[in-house]
Amino acid sequence: MRYSKLFIPTLKESPAEAEVISHQLMVRAGMIRQLAAGIYSILPLGLRVLRKVENIIREEMNRIGGQEVFLPSIQPAELWKESGRWDFYGKELLRLKDRHDREFCYGPTHEEVITDILRKEIKSYRQLPVLLYQIQTKFRDEVRPRFGVMRGREFMMKDAYSFHASDESAQETYQDTAEAYSNIFRRCGLEFKKVEADSGTIGGNFSHEFMVLANSGEDAVAFCDSCDYASNLEKSEARAPLPSDDPTAPQELKEVATPGKRTVEEVCEFLSVSPCALVKTILFDTDQGLVAALVRGDRQVNAVKLKNLLDLESAQPADEKLIAEKAGVPVGYVGPVGLKLKIYADQEVALMKSMIAGANKPDAHFTGVQPGRDFAIEKSGDIRLIKENEPCPRCPDGKYAVKRGIEVGHIFVLGTKYSSALKATFLNDQGKENPMVMGCYGVGVGRTAAAAIEQNHDEKGIVWPLPIAPFQVVVMPVNYSTDSVREASDRIYQTLWDQGVDALLDDRTDRLGVKFKDAELIGIPLQIIVGPKNLESGTVEAKIRRTGESLLVPYPDFIGEIRNILKDL
């Protein structure tokens, strides 16, 4: 490709609305332009990157037996009502009506559509398993689209769905897909973690996310510094405490005045105790009513863990008005003793022999509170957020590290959630009708490209990993109008194309400094600079974008070695 024929509208300055480096650099490098909030036009340079990501995805999905399909983006409401998600999905679902006043939605995902196909075509266990995937545009009406293509409303996604006759078969495909995803992100040149995750609105039995580690990540990832355990922070397990972990002895229940002392810090300072001696009572507004959650004073309640422990649809901290209305107590003085709500305790609290807690009236707390004697626990379990350097729950010596991460892939074991609702059944080997067991697997194509930039950039611009760079090599003549320079540049460029190397010839009349800035902004891995003086001595200059290393190499002999050099980048 010749630069003079390409549409690459680069910018010197970053757009004011761009918050993260990938958004800034994708706009500056002429890869994307915003059409509306969270909706972007992908320009030629950006599309070259996305197509390379897509091809890697296709190769790895095909390798494990995936078959590509292309499903409608507009989906009838009847299917979503049949699955129960029409109302549950919320405002992110873009709803519309056709000229006949029939309801549709713009698909944010395709579980209903693919299940509808399979329920009509699959009759016997002999036709299973099936793994189908597509790469297609999705739309989710995010309340706050941001970070460019990383969290847009319209986005490109690879979504795959598997159908099985048994849980064992579903697990096999799940593991195959997890390996394929690791290969995809490894081939894209990304540093990532496969982490245990919550299934969210998709539902299902369990899931894993693939998180690219980057400071700009929206999610916190916790992983062990010794073993392979990693999870989203909202899912991270706390090591179960032992009864001997609490050295305090049982004490008599006693009310003490704590005038104006509402926060953990204020109460602990007033009573001269450690935060771990105090228990916080946090009230949550759930789909089953108001409930109380107990954690130590130095801990935070994990709403996702609480929701999962109680098998709830939703659980949000109650506001002060609701607490005052239902509990009749100001925030800061709520406690479990005498509380007329169901109480759920973290596993640490359940083992405490003596604690300090709110007395359910202003300016007072109880000391010597004991579970079982002074209040009843409905259920206990791990309902707290873990912290960095806490012990790993999966190995004896490891500790948690916590970093930010960008979710680029998510895989689910759905079980029969959708097949049961949509009556997608098959006859087993005994002629009995059973619902198909399903799996669901997604990769954000644009997110993957943006995450690569978040991990690979410097003050000059993007530093693309070779496999997904828009071009692998850029040939930069010092002065293209000079006969010898033009002849050598054309020869290098044409030979590279003939060898299957994705090359760009910068044949513009601009100064070399301008060409350098654009090449570094765009992030092309290898630059070949062709100048008249070097040609006279039988050399050209090769410069590696990632390291800045520059060396003179023999011309024309060097041309045949470029493919070998690229292998090491």
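Residues 24 or more positions apart account for 69% of the contacts in the chain with a separation of 6 or more; contact means heavy atoms within 4.5 Å. This is a predicted model, in which local features need pLDDT of at least 70, side-chain atom pairs count only at pLDDT 80 or more, and totals for chains, interfaces and linings use all residues. Residues are numbered from 1 along each chain as its sequence is written, and side-chain values use heavy atoms, with hydrogens and water left out.

**Overall build**

- The C-alpha trace of the chain spans about 95 × 65 × 50 Å along its principal axes.
- The chain holds 16 helices and 31 strands. These are DSSP runs, numbered from the N terminus: helices are H or I with at least four residues, strands are E with at least two.
- Of the 569 residues, 53% count as buried. Buried means under 20% relative accessible area, exposed over 50%, and partly exposed in between (1.4 Å probe, protein chains only).

**Nonpolar cores**

- A nonpolar core is a set of buried Ala, Val, Leu, Ile, Met, Phe, Trp, Tyr and Cys residues joined through side-chain atoms within 4.5 Å.
- The largest one has 62 residues, and Met 31, Ile 57, Tyr 181, Phe 185, Phe 210 and Trp 464 touch the most other members.
- Helix 2 (residues 44-63) gives this core its largest share, seven residues.
- Phe 185 touches Leu 190, Phe 192, Phe 210, Val 408, Gly 409, Val 443 and Thr 448, leaving aside residues up to four places away in sequence.
- A second, separate core has 26 residues, including Leu 71, Leu 118, Leu 422 and Met 436.

**Helix 2 against helix 6**

- Helix 2 packs with helix 6 (residues 167-187) at an angle of about 155 degrees, and their axes are 9 Å apart. Axes are lines fitted to C-alpha atoms, for helices over the stretch in contact, and angles run from 0 to 180 degrees between N-to-C directions.
- The two helices are therefore roughly antiparallel, a label for angles over 145 degrees.
- Helix 2 contributes Ile 56, Ile 57, Glu 59, Glu 60, Met 61 and Arg 63 to the contact, while helix 6 contributes Ala 180, Tyr 181, Asn 183, Ile 184 and Arg 187.

**Helix 14**

- Buried residues of helix 14 (residues 512-522) include Lys 515, Phe 516, Asp 518 and Leu 521.
- The buried residues of helix 14 pack against helix 1 (21-28), helix 2 and four strands: strand 26 (461-462), strand 27 (473-477), strand 29 (526-530) and strand 30 (539-544).
- Gly 523 follows helix 14, with a positive phi near 90 degrees.

Definitions and conventions. Angles under 35 degrees count as roughly parallel, over 145 as roughly antiparallel, 65 to 115 as roughly perpendicular and the rest as oblique.
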